[in-house]
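Trainee: Could you walk me through how to read a sheet and the helices around it, going from the general idea to the particular case?

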Amino acid sequence: MSVGNRIRDLLVFIIVIAGAAYWRQMPAPTASSTPSPVASPRTTFPDTAPPFELHSNLGPPRKFDGKGPLVVVLTAVQCGDCIPRIPRDREIYAMAKKANVPYYNVLVYIEDDAAGAKFVKDHQPSGDDILNDPGGRVFVGQYLGSDNNCQMVIGRNGEFLYRGPENKEAMQKAIASL
């Protein structure tokens, strides 16, 4: 391998690393070809859960009126931490199922329902009812979902009993309080 090839390979490597670092600092995209039900995204956490309607892998769209109980786990399809977390999400699903609390696993940043079906087939995320949130318009735009806000327990009056990063103990406590 010549010195010129080594230098070229080193430059390509540096450019790739710099690009990845820049990409990780960029805010998550919120635009989507699907119209948003609100005029602008939130900038502060809502006090209660906003209503939504999202497509389900089980067929008809799922409507949520803002009242619980409901357990929500967000899976960002391009997230390096979300896919390895899927087995641990299954534990949260089992807790919700045992407590007879509805559970939604929401795929955020999914392009469309076909991409959602492929993701479900390839990765088998937790839950029976997997919802697609194209562009993150609901759970990023309205619920301010992120890697620090990817698990939620919504109480009977729409209040958040837990909203935060992956935390099995906090989720278990919030589910038990329902």
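Predicted model: local features only at pLDDT ≥ 70, side-chain atom pairs only at ≥ 80, totals over all residues.

Trainee: In what order do the seven strands lie in the open sheet?

Mentor: Strands of a sheet pair through backbone hydrogen bonds, either parallel or antiparallel. Here the order is β2-β1-β5-β4-β3-β6-β7, with mixed pairing; two strands count as paired if DSSP finds at least two bridges between them, and the elements are DSSP runs numbered from the N terminus, helices being H or I of at least four residues and strands E of at least two. The edges are β2 (59–64) and β7 (160–164), each of which pairs on one side only.

Trainee: Which strands does β3 join, and in what sense?

Mentor: Strand β3 (residues 70–76) runs antiparallel to β6 (residues 151–154), to which four bridges join it, whereas β3 and β4 pair in the parallel sense over six bridges. The chain passes from β3 to β4 through helix α2 (residues 82–98), a β-α-β crossover that is right-handed, meaning that, with the strands pointing away from the viewer, the path from the first strand over the helix to the second runs clockwise.

Trainee: Is strand β4 buried or exposed?

Mentor: In a regular strand the side chains alternate between the two faces of the sheet. Six of the six residues of β4 (residues 103–108) are buried, so this strand is largely enclosed by the rest of the structure; buried here means under 20% relative accessible area, with a 1.4 Å probe and protein chains only. Tyr103, Asn105 and Leu107 lie on one side, and Tyr104, Val106 and Val108 on the other.

Trainee: Where is the kink in α2 centred?

Mentor: The kink, of about 40°, is centred on Arg88, the bend at a residue being the angle between axes fitted to the seven residues ending there and the seven starting there. Buried residues of α2 include Cys82, Ile86 and Ile92, and their cover includes β3, β4, α3, β6 and α4, contact meaning heavy atoms within 4.5 Å.

Technical notes. Residues numbered from 1 in each chain as written. Heavy atoms only, no water. Buried < 20%, exposed > 50% of the residue type's maximum accessible area, 1.4 Å probe, protein only.
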